[in-house]
Amino acid sequence: MVARGGVGNPFLITQIDAWFRYGRRLPNPTVAQQIDWCMQLSDAVIKEKGEEVGVRKLRSIAPKFVAGCTRCKGNRRMLATVPTTRKELFDMLLEIKERAGNETARSLGVGDAACVHEED
């Protein structure tokens, strides 16, 4: 399940490691950090698969990078259906980053469990 949680949140493994090694909860990344990671992954996928196939594959992956953004529901839907080129994908990602970049991505369960144990 950790691998599935890591899709869209590559920082998850670092957070889990810090929890088990030091009993410390690391803060969640910002939406801007998530977008940066998505763009890095996008470039790698497009380089490997080509733009047409790569962007089609990224339609199912890119929305996961903004899953923790409270104001991005419509953007997730658009990321999953609209982009057909790298430019369209990156334009959408940069728009999200500009609008919600400083927002901290909320935890999707793992961090919440860590808080419960931390208080015990």
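**Close-up 1. Asparagine 28 in the loop between helix 2 and helix 3.** In this predicted model, asparagine 28 sits in the loop that links helix 2 (12-22) with helix 3 (31-49); helices are DSSP runs of H or I, at least four residues, numbered from the N terminus. Its relative accessibility is 17%, so asparagine 28 counts as buried (under 20% relative accessible area; exposed is over 50%, partly exposed in between, using a 1.4 Å probe and protein chains only). Look also for glutamine 15: its side chain makes a polar contact of 2.8 Å with that of asparagine 28. Such a contact is a pair of N or O atoms within 3.5 Å; within protein, one must be able to donate a hydrogen and the other to accept it, and residues adjacent in sequence count only if both atoms are side-chain atoms.

**Close-up 2. The disulfide of cysteine 69 and cysteine 72.** Here the two sulfur atoms are 2.2 Å apart, and the rule for a disulfide is a pair of cysteine sulfur atoms within 2.5 Å. That rule gives a count of one disulfide. The link is right-handed, with 50 degrees about the S-S bond, and both cysteine 69 and cysteine 72 are buried.

**Close-up 3. Lysine 73 in helix 5.** Lysine 73 belongs to helix 5, residues 73-81. With a relative accessible area of 57%, lysine 73 is exposed. Its C-alpha atom is 9.1 Å from that of proline 63, ten residues apart along the chain.

**Notes.** Residues are numbered from 1 along each chain as its sequence is written, and side-chain values use heavy atoms, leaving out hydrogens and water. Local features need pLDDT of at least 70, side-chain atom pairs count only at pLDDT 80 or more, and totals for chains, interfaces and linings use all residues.

Note on methods
Helices (H or I, at least four residues) and strands (E, at least two) are DSSP runs, numbered from the N terminus.
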